[in-house]
Amino acid sequence: MELIEVISAKLHGIKITESALHYHGSVTIDEDILHKAGIRPMEFVYIWNKASGARIATYVLPGEKSSGIVCLNGAAARSCQVGDEVIISLSKYITNDEMACRKAKVVTFNHDSRINTVDEILEYDFISDTEDNWQFKINKLY
């Protein structure tokens, strides 16, 4: 059985609000934002820094609700500066047969706010007309 790594959730253009070098490694994210994206505490995520191109993987800790916090902890703190826009992506390993029922949540953020506030919530639907011809459709949820 072949497993395929696909996107499950993405926080696109979220800003780093804090950095805590002398803390156990992880990323702390506002619990409300995690809920909207369907990301659970302790799940591993990829973080891509749009300013520097740095790419890391770490695990998620829930932060204070409605705070807008995104705090890189431990070694992850060296990869971004406060104010940097990043993409935080969660992936899942699934079989080809599971693709048809897969939906990925994508949360985008307002750039005119001092804290991270949600702009849109999108959902990617995976569609196939054959086993090898996968496409996706974007649905706006919010």
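Analyst: Ten strands form an open sheet with mixed pairing, in the order β2-β6-β3-β5-β4-β7-β1-β8-β9-β10. Strands β2 and β10 (133-140) stand at the edges with a single partner strand each, so one side of each has no neighbour in the sheet. From one strand to the next, the twist averages 30°. The structure is a predicted model, in which local features need pLDDT of at least 70 and side-chain atom pairs count only at pLDDT 80 or more, while totals for chains, interfaces and linings use all residues. Residues are numbered from 1 along each chain as its sequence is written, and side-chain values use heavy atoms, leaving out hydrogens and water.

Strands are DSSP runs of E with at least two residues, numbered from the N terminus, and two of them pair if DSSP finds at least two bridges between them. Strand β8 (residues 103-109) and strand β9 (residues 118-130) run antiparallel and are joined by seven bridges. Val106 stands opposite Leu122 in β9.

The loop between β2 (18-20) and β3 (26-30) contains His22. His22 counts as exposed because its relative accessibility is 79%; exposed means over 50% relative accessible area, buried under 20%, and partly exposed in between, with a 1.4 Å probe and protein chains only. The C-alpha atoms of His22 and Ala75 are 8.4 Å apart in space, although the two are 53 residues apart in sequence.

Cys71 is buried, with a relative accessible area of 5%, whereas Cys101 is exposed at 63%. A disulfide requires two cysteine sulfur atoms within 2.5 Å, and the count is zero. The closest cysteine sulfur to that of Cys71 belongs to Cys80, 11 Å away, which is too far for a bond.

Definitions and conventions:
Helices (H or I, at least four residues) and strands (E, at least two) are DSSP runs, numbered from the N terminus. Axes are lines fitted to C-alpha atoms, for helices over the stretch in contact, and angles run from 0 to 180 degrees between N-to-C directions.
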